[in-house]
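Here is a short note to read alongside the structure.

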Amino acid sequence: MALREILKLPDKRLRLVSEPVKRVDAGIRALVDDMFETMYGAPGIGLAAIQIGVGKRVVVMDLSKKEDTHKPLVFINPEITWESKEKSSHEEGCLSIPEYYEEVARPDEVKVKFLDLDGKTHEITAKGLFATCIQHEVDHINGVLFIDHISKLKRDRVIKKFIKAAKAAKAGKTAKKVEA
Ligand code: NI
């Protein structure tokens with residue numbers, strides 16, 4: 001297991017469409033281990049592989065609040081097969097867009113088809129926060145971020161802020177090198 005670096009906005013890799021997993025093998029299981037360690041370490045409730053720079057359709061999630069009741073969930077090649085007309089709003093955040101939260105309206109209930117760590121197919125119904133979270137993560141593997149669901153004005157503002165922060169961090173690094 002290893003703690004991996006989480007890509008942040010405006011990293012272009014966050015916009016890539018991830019590839020389906022062909023075979024659930026030891027490599028995928030090791031990736032999932034790293035993803036859990038990284039997600040719990042952040043801490044966060046969901047993480048897609050592309051957020052650690054791996055373009056595979058793998059998602060991990062844990063909606064339990066306390067550490068002693070961990071409920072790790074793994075979704076390989078998740079696919080939304082049905083969504084309710086009824087919508088619900090949740091305040092969303094993202095480990096790739098730290099400390100930024102906005103209300104997003106999404107279908108309140110969805111059906112999700114996916115493979116488990118043994119390569120077995122499942123289809124489940126998710127509702128409420130669970131539905132929001134799985135839709136947020138499936139968006140990630142399609143190169144979509146939750147800020148794509150908010151107004152253009154707000155989105156442009158947050159993207160600008162993160163571009164500025166990334167430039168400042170880069171300048172900081174260069175300055176240190178010059179100093180040395
Ligand atoms: Ni996210």
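What radius of gyration would a compact globule with 180 residues have, and what does the protein have? A globule of that length would come out near 16 Å, and the protein has 17 Å, which agrees. The radius is taken over C-alpha atoms, and the globule rule is 2.2 Å times the number of residues to the power 0.38.

Before the points, a word on the source. This is a predicted model, in which local features need pLDDT of at least 70 and side-chain atom pairs count only at pLDDT 80 or more, while totals for chains, interfaces and linings use all residues. Residues are numbered from 1 along each chain as its sequence is written, and side-chain values use heavy atoms, with hydrogens and water left out.

1. **Overall fold.** You will find three helices and seven strands in the protein. Their order along the sequence is α-β-β-β-β-β-β-β-α-α. Helices (H or I, at least four residues) and strands (E, at least two) are DSSP runs, numbered from the N terminus. The C-alpha trace spans about 55 × 40 × 35 Å along its principal axes.

2. Of the 180 residues, 41% count as buried; buried means under 20% relative accessible area, exposed over 50%, and partly exposed in between (1.4 Å probe, protein chains only). Among contacts with a separation of 6 or more, 63% come from residues 24 or more positions apart, where contact means heavy atoms within 4.5 Å. The accessible surface is about 10600 Å², and carbon and sulfur atoms make up 54% of that surface. These areas come from the Shrake-Rupley method with a 1.4 Å probe; for residues, only the protein chains shown count as cover.

3. **The nickel site.** Which residues coordinate the nickel ion? They are Cys94 (SG), His136 (NE2) and His140 (NE2), at 2.1 to 2.3 Å. Their spacing in sequence is C-x41-H-x3-H. Cysteine 94 in strand S4 (residues 87-94) and histidine 140 in helix H2 (residues 128-141) link distant parts of the chain, 46 residues apart. Cysteine 94 is buried, at 9% relative accessible area, and histidine 140 is buried too, at 0%. Please keep in mind that donors are N, O and S atoms within 2.8 Å of the metal (3.2 Å for Na, K and Ca), and that water is not among the atoms, so sites may look incomplete.

4. **Two buried loop residues.** Do look at the loop between strand S1 (46-48) and strand S2 (58-61), where isoleucine 52 lies. Is isoleucine 52 buried or exposed? Its relative accessibility is 8%, so isoleucine 52 counts as buried. Beyond its neighbours within four places in sequence, isoleucine 52 has contacts that include Arg4, Leu7, Leu31 and Met35. Arginine 57 lies in the loop between S1 and S2 as well, and counts as buried at 14% relative accessibility. Leaving out residues up to four places away in sequence, arginine 57 touches, among others, Val17, Glu19, Phe75, Asn77 and Ile141.

5. **Cis peptide bonds.** Most residues other than glycine have a negative phi, and most peptide bonds are trans. Here, a cis bond joins leucine 9 and proline 10, with omega about 5°; proline 10 sits in the segment before helix H1 (26-41). Another cis bond, between alanine 42 and proline 43, has omega of about -10°, and proline 43 is in the loop between H1 and S1.

6. **Positive phi angles.** Asparagine 77, in strand S3 (residues 73-83), has a positive phi of about 50° although it is not a glycine. Asparagine 77 counts as buried, at 19% relative accessibility. Glutamate 99, in strand S5 (residues 97-107), has a positive phi near 60°, and counts as exposed at 70%.

7. **An exposed loop residue.** Where does lysine 66 lie? Lysine 66 is in the loop between S2 and S3, and is exposed, with a relative accessible area of 57%.
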